[in-house]
Number of protein chains: 2
Amino acid sequence: MLPLGFRVLNKINQVIREEMNAVCGEELLMPALVHKKYWEQSKRWDVDIIYKTGENLKDLRDLQYGLGWTHEEVISSIAKHFISSYKDLPKAVYQIQMKFRAEPRAQAGILRGREFLMKDLYSFHADKKDLDAYYEKVIGAYKKIFSRLCLKAKVVEASGGAFTKEYTHEFQVLNPAGEDTVYYCDSCDWAQNKEIFQDGHGGKCPNCKKGNIKMDHGIEIGNIFKLGTKFSDAFNLFYLDKKGDRQIVIMGSYGIGPTRVLGTLVEEYNDEKGILWPEIIAPFRVHLVVLGDSEKVRKEAEKVYKIAAGLVGESEVLYDERTASPGEKLNDADLIGAPLRLIVSEKTIKEKKIEVKKRSEKSAKLISITQLGKLLK
Amino acid sequence: MLPLGFRVLNKINQVIREEMNAVCGEELLMPALVHKKYWEQSKRWDVDIIYKTGENLKDLRDLQYGLGWTHEEVISSIAKHFISSYKDLPKAVYQIQMKFRAEPRAQAGILRGREFLMKDLYSFHADKKDLDAYYEKVIGAYKKIFSRLCLKAKVVEASGGAFTKEYTHEFQVLNPAGEDTVYYCDSCDWAQNKEIFQDGHGGKCPNCKKGNIKMDHGIEIGNIFKLGTKFSDAFNLFYLDKKGDRQIVIMGSYGIGPTRVLGTLVEEYNDEKGILWPEIIAPFRVHLVVLGDSEKVRKEAEKVYKIAAGLVGESEVLYDERTASPGEKLNDADLIGAPLRLIVSEKTIKEKKIEVKKRSEKSAKLISITQLGKLLK
């Protein structure tokens, strides 16, 4: 993640963080080096995608680690220290952390990396009903996150796999770059992934009975699971209820991949010249290009910079005062993709204006300083 | 890092980030999975502390990675894409990232973990003079960081090892928990680590000739190196100077361990009851304890909470409204160590006051709402 991409990633993380905090998630950070004993306890030491490490170390053989590819094991062990009574429930914690998976098919760049960022939220409940209610709450939070990030994500039913007989849910953005296949209704919200979809209604939606089923590529940017007692069983995670009886804790887990979200945004918002970042996660809101290197131009540009920085914050204005050709500078502005490009040049000064162009629009226009103020407010 | 510790860590990172940005460092993020070929190119694939991974993966043998324990190799490779002319220099980039080292002596908890956070800054220069000037600038930034973090760090001369014949510098906090040994003058700033210290002056300082040499335990929280051309040689990192001649790039690298800084702060600021966080990195500035559960107390506490949150920000007030005994609540407040503890109880309401106690002081006092406003400003 180079500086510009890193800025976008941080803004994505911040949106996720705000919505996780809004559903009472507490942020923490778990280790990436997860001791073998944790994976053995859940019978996941021999999964295909785990990176094992420590085998090369003569003196540390007993310290074999599996790199964290998910953290149900670790959080269940931590939870044992903090959950012992019904008073300690419900509880939700999350982290934003690099995960490691030995993906054989890591070929789609940032969309499927062997090292990728993940927000993983884990929730702990006294009973199934409480988990169900929280699960719906997280669906709401996810919808809000993706809507704030300007992504249209479908909530897609998927198999519960080994965890549960109920469906789990994937959040899929329909996009030709996606590796997944999504079946969805063109009229209502119904959608299923390829693994569970079975056409039993002659191409008609089994939910609303009106719409037609369509098929498309999807990028999975989030998924949520009702884990039930799989990990609380493996790690003996119990609590005492009001009567003093021992009960097993019920768990849920909820993932979003911020680096994959970033890649999805690029796939969704681009043209032949570069990226068109939505304002909320753009590396900079304003890209100020200075054309010409006379003292007059330099001074005017400085003035415009100060006004723009005063309105949107210094850290939101990219100030291109390089000695480079106009072509190079304008191409770079299109490539980087800040939502608004300002130009100060001999020409704009003569007109007593500033040239303004939205990245999403074809044509530029000349506006006054006062109008700039209104535009950036 | 549980939620409270994670908050402290973020605040430490923020201070570091501000001072790195102030010396023109650009933040980015490099991979933790670093392909074998990079380590082989610098002849560091067989160092003792590297975690190798991928050996367990049948189909991915050619994708053997060493977990990033430092990132000179990666940043040198990245720099090749961005540095080709003297116009591209100087350049400084940094990241704040988990590092992995197979430490045989990982026994001091967070002070020496196998997985630990590191801020690593790398700088690129056209010549030695420019590196020397920047190196001094970073020493200044480090002094500012540690002073803002309320740590007295000594700048200690150390061996350049394989990198350089010049000294490198460690930033050491004298503390009995430290694993290092520091020799220092009790009168001037002179200090050296155990490896290079040789007493040739009968216990007198070789620098000021007045002070006496003392010896103490130190915790190393930062270190800086003039790398010279070690990595630019290995990775063919050249630039064209003004005449068009090919020149080798000169490099520096500068580390701080934020998780170790956190541990050092705990070692420096504690008493028998818990931690005494300096305000700038405390998990919360204010800890509001509600004693009693009558409606009257609850309402008054709510009022005080709003006033405090209005003054220091909602996220800076820890609001303890649990149904727990006064003893438990007050012990927890001491343990957590917010700089200021407020109590609202039947007693304080009767007096029309709020009880205030600094964590660093023995006794509490009763103050008015107006006085609270002044205290928190």
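Helix 6 of chain B (residues 258-268) is mostly covered, with 8 of its 11 residues buried. A residue counts as buried if 20 or more other C-beta atoms lie within 10 Å of its own, as exposed if 12 or fewer do, and as partly exposed in between, the C-beta atoms being placed from the backbone. Helices (H or I, at least four residues) and strands (E, at least two) are DSSP runs, numbered from the N terminus. The model is a predicted one, in which local features need pLDDT of at least 70 and side-chain atom pairs count only at pLDDT 80 or more, while totals for chains, interfaces and linings use all residues. Residues are numbered from 1 along each chain as its sequence is written, and chains are lettered from A and ligands numbered from 1 in the order in which they are written.

The buried residues of helix 6 of chain B are P258(B), T259(B), R260(B), V261(B), L262(B), G263(B), T264(B) and L265(B). Two residues are in contact if their C-beta atoms, placed from the backbone, lie within 7 Å.

Chain A contains 10 helices and 21 strands. Its C-alpha atoms fill a box of roughly 80 × 60 × 45 Å along the principal axes. Of its 377 residues, 39% are buried. Among contacts in chain A with a separation of 6 or more, 69% are between residues 24 or more positions apart.

Chain A is superposed on chain B by a rotation of 180° with 0.0 Å of shift along the axis, at an RMSD of 0.0 Å. This is the relation of a two-fold axis. Copies were superposed by least squares on the C-alpha atoms of residues with pLDDT of at least 70 in both. The residue of chain A that comes closest to the rotation axis is T53(A), whose C-alpha lies at 2.5 Å. Both copies use the same surface, as 100% of the contact residues of chain A recur in chain B.

Nonpolar cores were defined as sets of buried Ala, Val, Leu, Ile, Met, Phe, Trp, Tyr and Cys residues joined through C-beta atoms within 7 Å. The largest comprises 162 residues, and L288(A), L342(A), L288(B) and L342(B) have the most contacts inside it. Helix 4 of chain B (residues 128-148) supplies the largest share of this core, 8 residues. Beyond its neighbours within four places in sequence, L342(A) contacts V286(A), L288(A), V289(A), V304(A), A308(A), I354(A), E355(A) and V356(A). Another core, of 9 residues, lies apart from the largest one and includes V156(B), A158(B), C185(B) and I213(B). In soluble globular proteins, nonpolar side chains tend to be buried together.

Two helix pairs were examined, with axes fitted as lines to C-alpha atoms over the stretch in contact and angles running from 0 to 180 degrees between N-to-C directions. In chain B, the axes of helix 1 (residues 3-22) and helix 4 come within 10 Å and cross at roughly 155°. Helix 1 of chain B is therefore roughly antiparallel to helix 4 of chain B; angles under 35 degrees count as roughly parallel, over 145 as roughly antiparallel, 65 to 115 as roughly perpendicular and the rest as oblique. The crossing of these two helices of chain B is right-handed, the near helix being turned clockwise from the far one by less than a right angle. V15(B), I16(B), E19(B), M20(B) and A22(B) of helix 1 meet A141(B), K144(B), I145(B) and R148(B) of helix 4.

In chain A, the axes of helix 7 (residues 295-312) and helix 10 (residues 369-376) come within 10 Å and cross at roughly 25°. Helix 7 of chain A is thus roughly parallel to helix 10 of chain A, and their crossing is right-handed. I307(A), A308(A), L311(A) and V312(A) of helix 7 meet I369(A), L372(A), G373(A) and L376(A) of helix 10.

A cis peptide bond joins L89(A) and P90(A), with omega about -10°, and another joins L89(B) and P90(B), with omega about -5°. P90(A) lies in the loop between helix 3 (72-79) and strand 5 (91-100) of chain A. N236(A), although not a glycine, has a positive phi of about 50°. This residue is in the loop between helix 5 (230-234) and strand 12 (238-240) of chain A. N236(A) is exposed, with 12 other C-beta atoms within 10 Å. For N236(B), phi is positive and near 55°.
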